[in-house]
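I opened the notebook to look up the disulfides. My plan was to take each pair in turn.

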Amino acid sequence: MNGARHTALSTGAVALALTLGILALAEPGYAGEEPANTQGSNTEQSGGGDGNGIYAAARIQYSGSVAKNGGTGNVTSSDVNWTPPPCWYAPYLGAKDFKKKMSKDLASQMKAPGMGGHAGAALSQVQRHYEDEYGWTDTPGYKDYNVDKDGEGMFWAAVENPNEPDILKRSSCNDLPFWVENGEAPPPRYEEAITPEILAALAYQHMELPDTEVTLAPEATTKVNLPTWAWLDKAVFDEVQATAALNVPGFNIQATTTAKPVSLKLEPGTKDAVTYPASGECTINADDSIGEPYAKGKSDETPPCGVKYLRSSGDGTYKLRATITWEISWTGTGGAGGVLPNGTFGNDQDVTVQEIQSVNR
């Protein structure tokens, strides 16, 4: 039996909104976004399964330079319009496990007080969708939750990105769970189905870049009108990688996001200063370093990367901000790859600027 896809999708969305507890998406059995690894670790998180090895959970695994406890990393996208995916669809449960959970929760919700009218009708249609082959255009229903195909695929369901602050965006993946055969791609209409590109964006979101502390000469304390040299050695200025992977029976994908430093921007922390070069943007050298170390005898030279303060900092200090721009690229399963918006990360250094003392004779 087929109905209009729009009507069916509306019914599904209403049913999901009215019965948020049905799928228990926040429980451990859900294919959730809960990376709990620390920087540089690789923690697998998966739930149990039946005798056929159909797992009830498969969370994204993060490794490399990522934020601790699943938090957002410290990279800021240079593209203000770019955001990580707020939600996606991912493998959830095998057929038998899905039937056990879904049928139990549907029955419980239908018995709840006040569950009549439109709410009751919506639940009934969801039940018919999985039990009695009730479908709509391009979306066939299922016979007895596809239990005769158990082990041959999994039901996929929506996953909310817990680091997305907008609840409307976070809950925008609101299609009902759907079946995907092992080794097959999800139907193209599910544009938010997990892909290596989505994993790359999530790795970007969780990436943790190293602190940016440039070497200064003079160090920490300088003089008014004295050029201060700034540089970063290649050894402390190298590329950073973060990997996100999803591994379940019949579906294994991963993506590695790489951040490569390309430039350093100096902001003196006061208008009473000039930078070298004038833009404050110090580009990377051929040997992957930035700037040039100060050497004895160069005091009268203009540094290729640095700053000159024109006024004393008095009893305080200036906050010299050093921000690195990172070029972001990614590679993933099946030869996939591409670029993401450049990222930036910087931090402040205290600089004391003293007046040059004159000697009266």
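**Disulfide notes**

I began with the torsion about the S-S bond of cysteine 282 and cysteine 305; it is about 90 degrees, so this disulfide is right-handed. I note that the model is a predicted one.

Next I looked up where the two partners sit. Cysteine 282 is in strand 14 (residues 281-283). Cysteine 305 is in the loop between strand 15 (290-291) and strand 16 (306-309). The pair links distant parts of the chain, 23 residues apart. I read the S to S distance of cysteine 282 and cysteine 305 as 2.2 Å. Are these cysteines buried or exposed? I found cysteine 282 buried, and cysteine 305 is buried as well.

Then I asked how many disulfides the structure holds. The count is 2.

I turned to the other pair. Cysteine 87 is joined to cysteine 173, with S to S at 2.1 Å. The torsion about their S-S bond is about 80 degrees, so I logged this disulfide as right-handed. Cysteine 87 lies in strand 4 (residues 87-93), and cysteine 173 lies in the loop between helix 4 (167-170) and strand 7 (178-181), so the pair ties together parts that are 86 residues apart in sequence. I checked burial here too: cysteine 87 and cysteine 173 are both buried.

Last, I looked up the pairing pattern. With the bonded cysteines of the chain numbered in sequence order, I get 1-2, 3-4.

Key: Residues numbered from 1 in each chain as written. Predicted model: local features only at pLDDT ≥ 70, side-chain atom pairs only at ≥ 80, totals over all residues. Heavy atoms only, no water. Disulfide = S-S within 2.5 Å. Helix = DSSP H or I, 4+ residues; strand = E, 2+ residues; numbered from the N terminus. Buried < 20%, exposed > 50% of the residue type's maximum accessible area, 1.4 Å probe, protein only.
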